[in-house]
Amino acid sequence: LKVCFYHDYETFLEVSGAPYGALAYYRFVAPLELNFFYDRLRPEETVAIMFHEAQHYLAHLMDLRFHIPHCVGEGFSEYYGGSRWDPVKKTMVTGGVQEGRLTEVQTDIQWGERTKLEDYLLGKLDYADYTWGWTFIHFMMETPKYAKKFRAFYGSLATGKDIVRKPVNGDMLTVEPDQLLKAFEKALGVTDLAPLEKEWHEYIDTKLKL
């Protein structure tokens with residue numbers, strides 16, 4: 001995979017094709033590339049963004065023809081964006097808190113706004129996939145009773161034989177929102193999302209700390 005770092009933001013936008021405001025871009029069509037604006041004044045943020053975009057690449061490797069739905073893809077990438085690499089032990093520690101994302105979620109809660117789980121799984125959140133979506137992925141991945149089933153669900157989106165996929169972006173395939181919701185309920189063994197949604201919101205309130 002070609003990996004490109006840019007020291008100048010305007011050059012990053014011009015050469016990578018990333019939209020204005022983005023700090024990194026995974027080009028998922030040939031030729032595949034990872035592109036990063038390297039902000040030398042904020043190296044920790046750059047590293048977090050590197051982990052985020054690398055997760056998009058790793059997800060793509062499950063099946064190069066498959067485009068993972070935005071809600072799950074961005075939530076997962078934010079989850080791994082909060083990781084820490086130990087260069088001495090050569091280990092990756094996952095499950096870190098994305099403080100900026102958590103602050104946005106807490107602000108929504110202060111305004112009396114809480115995201116519904118069904119809306120998230122049906123892809124209705126758009127930008128909030130990065131904030132509320134991250135909290136849900138964190139909840140699933142860091143809760144032992146759900147983690148194994150959730151990882152299986154995640155992998156099944158690209159490779160599961162009982163998942164219905166439809167064309168998108170030419171010859172790419174993806175999972176439509178109704179199928180994603182159905183696959184999630186089957187993998188987690190739930191028929192009513194309300195108890196799980198309540199547990200998720202309690203996790204935000206009690207487990208995720210700045």
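**Close-up views of a predicted model**

**View 1. T46 and its contacts.** Leaving aside residues up to four places away in sequence, T46 touches F37, Y38 and D39. The model shown here is predicted. T46 sits in helix α2, which covers residues 43-60. Is T46 buried or exposed? T46 is buried, because its relative accessibility is 5% and the cut-off for buried is under 20%.

View 2. L1, V3, F5 and Y38 make a nonpolar surface patch of about 370 Å². F5 belongs to strand β1, residues 2-6. F5 has a relative accessibility of 46%, so F5 counts as partly exposed. Y38, one of the patch residues, is also among the residues that T46 touches.

**View 3. Helix α8 and its cover.** Helix α8 runs over residues 177-188 and has 12 residues. From its first C-alpha to its last, α8 reaches 16 Å, close to the 16 Å expected at 1.5 Å a residue. Which residues of α8 are buried? They are Q179, L180, L181, A183, F184 and L188. The cover over the buried residues of α8 includes α3 (70-81), α5 (117-121), α6 (132-142), α7 (144-159) and α9 (194-206). Just after α8 comes G189, with a positive phi of about 70 degrees.

View 4. C4 counts as buried because its relative accessibility is 14%. C71 has a relative accessible area of 3%, so C71 is buried too. How many disulfides does the model have? The count is 0 disulfides, where a disulfide requires a pair of cysteine sulfur atoms within 2.5 Å.

How values were computed. Residues numbered from 1 in each chain as written. Predicted model: local features only at pLDDT ≥ 70, side-chain atom pairs only at ≥ 80, totals over all residues. Heavy atoms only, no water. Buried < 20%, exposed > 50% of the residue type's maximum accessible area, 1.4 Å probe, protein only. Patch = residues over 30% accessible without salt bridge, like charges linked within 9 Å, V, L, I, M, F, W, Y side chains within 5 Å. Areas by Shrake-Rupley, 256 points an atom, 1.4 Å probe, with all protein chains shown as cover. Salt bridge = Lys/Arg side-chain N within 4 Å of Asp/Glu carboxyl O. Helix = DSSP H or I, 4+ residues; strand = E, 2+ residues; numbered from the N terminus. Contact = heavy atoms within 4.5 Å. Expected span 1.5 Å × (residues − 1).
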